[in-house]
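This briefing walks through a two-chain model, topic by topic, for a reader who has the coordinates at hand.

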Amino acid sequence: MPYAPVLHSEWLKIRTLRSLLGALLALFAATTAFSAIAGVSETSDPEFDPLFMALSGVGPGQIAAISFGAMAVSSEFHGGGLRLSLAAVPQRGRWFAAKATAIAVPALAVGLVTALAALLVAKAGLGDAASGLTVGEQVRGVVGCGIYLMLMALLAAGLAALLRSGAAALSVLIPLVLVVSFVIGDVAGGATDFMPDRAGQIVLYQTHGGPLGPWSGLAVTALWTAAALVAGAWSLRRRDA
Amino acid sequence: MTTIEVRELTKEYGTRRAVDDLTFTVLPGRVTGFLGPNGAGKSTTMRLVLGLDRTTSGSATVGGRRYDTLREPLRHVGALLDAQAAHGSRTGRDHLRTLAASNRIPLGRVDEVLEETGLASVARRRVKTYSLGMRQRLGIAAALLGDPEVVMLDEPSNGLDPEGIIWIRELLRRLAGEGRTVLVSSHLMNETASFADHLVVLGKGRLLADTPMREFIHARVQPSVRIRTTNPTALKAVLAQHGHDAAEHEDGHWTVHHARVDEIGRLVSAVGVPILELAAEEGTLEQAYLDLTSAETEFTAQPQEA
């Protein structure tokens with residue numbers, strides 16, 4: 001079967017579910033709102049990083065991106081829905097590739113717009129404190145942030161396909177990004193730098209230490225995401241629908 | 001080439017055999033009723049034909065090809081497996097649009113099948129507001145979307161109101177009349193008898209029968225004769241004289257078992273018994289089916305000794 005109609009179908013599925021559009025809206029709203037709040041906060045901290053401060057709304061905002069990816073896949077697991085989808089497109093690998101593309105494109109687009117809005121809003125609040133940011137750093141922050149949000153959405157999508165449940169995928173990922181990094185982050189030392197969220201967020205900082213740079217950090221997140229997608233595709237192909 | 005061919009098909013879930021060495025063919029131009037108790041393997045067989053579950057051994061093909069090798073399969077095979085498959089938060093029309101898009105079926109066809117299944121007025125309502133009967137109709141609309149030559153419906157009359165049941169019966173007859181291959185599973189005997197030409201009967205995953213419906217009934221149910229008279233004594237006497245066994249019913253009519261109406265009619269008129277009513281009682285599909293399954297139960301309960 002040709003790929004374009006399958007992608008069209010998957011895109012229609014996302015467009016016609018309000019909860020998915022709601023998740024994308026929440027991604028924008030939560031990220032910009034938290035960045036705006038960060039923009040008017042205290043800036044005298046010696047470790048203050050204006051770029052990360054401006055994009056810090058991603059912390060809570062990424063929950064929406066993760067939910068988007070997980071729900072886009074789990075909507076197929078309602079009462080035999082997957083059977084209907086696979087009867088229409090029996091080539092499961094192709095079907096899942098189309099599903100992933102239909103998740104990635106809107107997540108990236110909304111992620112980029114969100115990052116730009118968050119940066120602008122926060123910079124207005126930070127004023128002089130953000131004046132040291134070069135154009136290059138800002139572009140890197142915005143593009144990196146959009147890619148990061150897309151990768152997290154896809155990571156959730158892969159996990160949801162592997163676990164055949166959106167709730168299961170969320171209960172793995174949300175504690176990971178909300179709790180694990182904060183609690184064991186500094187205790188465990190180097191290892192957590194390679195967690196998908198930690199590694200991918202390096203791109204949001206003006207300056208960075210540690211073994212990973214902005215792009216190599218995103219590459220590490222991309223590896224996690226690729227692993228989740230491959231595992232999801234493998235599970236989908238192997239199991240009875 | 002629109003025949004469904006199932007050859008030595010076996011499917012195991014763990015150690016349980018859901019489908020056991022099944023071989024049968026579903027031909028175009030007639031409605032094939034797919035019968036068997038719950039858990040006999042009907043739905044599993046349909047999923048295997050659609051390539052949704054992986055076969056343990058054997059094959060299931062449509063028009064000689066495996067389902068997953070079909071290009072734009074909805075244009076060849078339409079199936080209703082589960083009326084709950086549509087996502088509740090989509091509208092009925094959007095649900096069909098997503099399916100149509102994947103197989104490049106024009107949007108106009110979506111509105112056609114909505115009209116055909118009587119859903120046009122609720123097409124823009126979300127599926128979660130639909131009744132079970134409406135969801136069933138939406139599932140049938142999805143099956144008809146690609147104007148397929150092969151139609152497989154799993155329990156299509158579930159949840160339909162009497163009007164809907166008549167509608168589905170006429171739909172199935174029409175589809176078969178157009179030369180399509182129609183396979184319809186059910187556990188409702190009277191319902192199946194009203195539309196099927198041919199039967200495939202499963203029990204515990206195995207094939208119990210694959211015959212035309214009339215033959216299936218005639219081979220298994222002895223005909224009987226219904227008779228009513230103003231003179232029961234004379235009737236009883238003449239029947240007994242010819243070795244017939246008759247039973248009286250509360251409303252006053254009699255049933256003569258294992259008899260043909262031609263014979264009984266001649267006997268009673270020859271001796272001048274007044275007749276108010278005389279009719280042949282055909283066996284029903286239900287009787288034939290129960291006869292088959294009870295024979296099957298006996299067979300499995302008392303395995304032959306080696």
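In this predicted model, three strands of chain B form an open sheet in the order 2-1-4, and the pairing is antiparallel. Its edge strands are strand 2 (16–26) and strand 4 (57–62) of chain B, each of which pairs on one side only. Neighbouring strands of this sheet are turned against each other by 20 degrees on average, with direction ignored.

- Strand 1 (residues 4–13) of chain B runs antiparallel to strand 4 of chain B, and five bridges join the two.
- One pairing in detail is that of B:Arg7, whose bridge partner in strand 4 of chain B is B:Ser59.
- Helix 1 (residues 42–49) of chain B lies across strand 1, strand 2 and strand 4 of chain B, and its direction makes an angle of about 115 degrees with strand 1 of chain B.

- Strand 3 (residues 30–35) of chain B runs parallel to strand 7 of chain B and is joined to it by six bridges, with B:Thr32 standing opposite B:Leu183 of strand 7.
- Strand 6 (residues 150–154) of chain B also runs parallel to strand 7 of chain B, the two being joined by five bridges, and the bridge partner of B:Val150 in strand 7 is B:Thr181.
- Between strand 6 and strand 7 of chain B the chain passes through helix 5 (residues 162–177) of chain B, and this β-α-β crossover is right-handed.

**The four-stranded sheet of chain B**

- A further open sheet of chain B has four strands in the order 11-12-10-13, with antiparallel pairing.
- Strand 11 (246–248) and strand 13 (275–281) of chain B are its edge strands, each pairing on one side only, and neighbouring strands are turned by 20 degrees against each other on average, direction ignored.
- Strand 11 and strand 12 (residues 254–256) of chain B run antiparallel and are joined by three bridges, and B:Ala247 has B:Thr255 of strand 12 as its bridge partner.
- Helix 9 (residues 261–270) of chain B lies across strand 10 (224–229), strand 12 and strand 13 of chain B, and runs at about 160 degrees to strand 13.

**Helix 2 of chain B**

- Because 11 of the 11 residues of helix 2 (residues 92–102) of chain B are buried, this helix is largely enclosed by the rest of the structure.
- The buried residues include B:Arg93, B:Asp94, B:His95 and B:Arg97, as well as B:Leu96 and B:Leu99.
- What do the buried residues of helix 2 of chain B pack against? They pack against helix 1 and helix 5 of chain A, together with helix 3 (107–116) and helix 4 (132–144) of chain B.
- Helix 2 of chain B is followed by B:Arg104, which has a positive phi near 50 degrees.

**Contact between the chains**

- The contact involves 26 residues of chain A and 28 residues of chain B.
- On the side of chain A that touches chain B, the elements giving two or more residues are helix 1 (3–15), helix 2 (18–39) and helix 5 (81–88) of chain A.
- The residues on that side of chain A divide into 12 nonpolar, 10 polar and four charged.

**Overall make-up of the chains**

- Chain A has 10 helices and zero strands, whereas chain B has 10 helices and 13 strands.
- Of the 241 residues of chain A, 54% count as buried, and for the 306 residues of chain B the share is 41%.
- A compact globule of 241 residues would have a radius of gyration near 18 Å, and because chain A has 18 Å, its value agrees with that expectation.
- Along its principal axes the C-alpha trace of chain A spans about 60 × 35 × 25 Å, while the C-alpha atoms of chain B fill a box of roughly 75 × 55 × 35 Å, also taken along the principal axes.

How values were computed: Residues are numbered from 1 along each chain as its sequence is written. Chains are lettered from A and ligands numbered from 1 in the order in which they are written. This is a predicted model: local features need pLDDT of at least 70, side-chain atom pairs count only at pLDDT 80 or more; totals for chains, interfaces and linings use all residues. Two strands pair if DSSP finds at least two bridges between them. Axes are lines fitted to C-alpha atoms, for helices over the stretch in contact, and angles run from 0 to 180 degrees between N-to-C directions. Two residues are in contact if their C-beta atoms, placed from the backbone, lie within 7 Å. Ala, Val, Leu, Ile, Met, Phe, Trp, Tyr, Cys and Pro count as nonpolar, Asp, Glu, Lys and Arg as charged, and the others, Gly among them, as polar. A residue is buried if 20 or more other C-beta atoms lie within 10 Å of its own, exposed if 12 or fewer, and partly exposed in between; C-beta atoms are placed from the backbone. The radius of gyration is taken over C-alpha atoms; the globule rule is 2.2 Å times the number of residues to the power 0.38. A crossover is right-handed if, with the strands pointing away from the viewer, the path from the first strand over the helix to the second runs clockwise.
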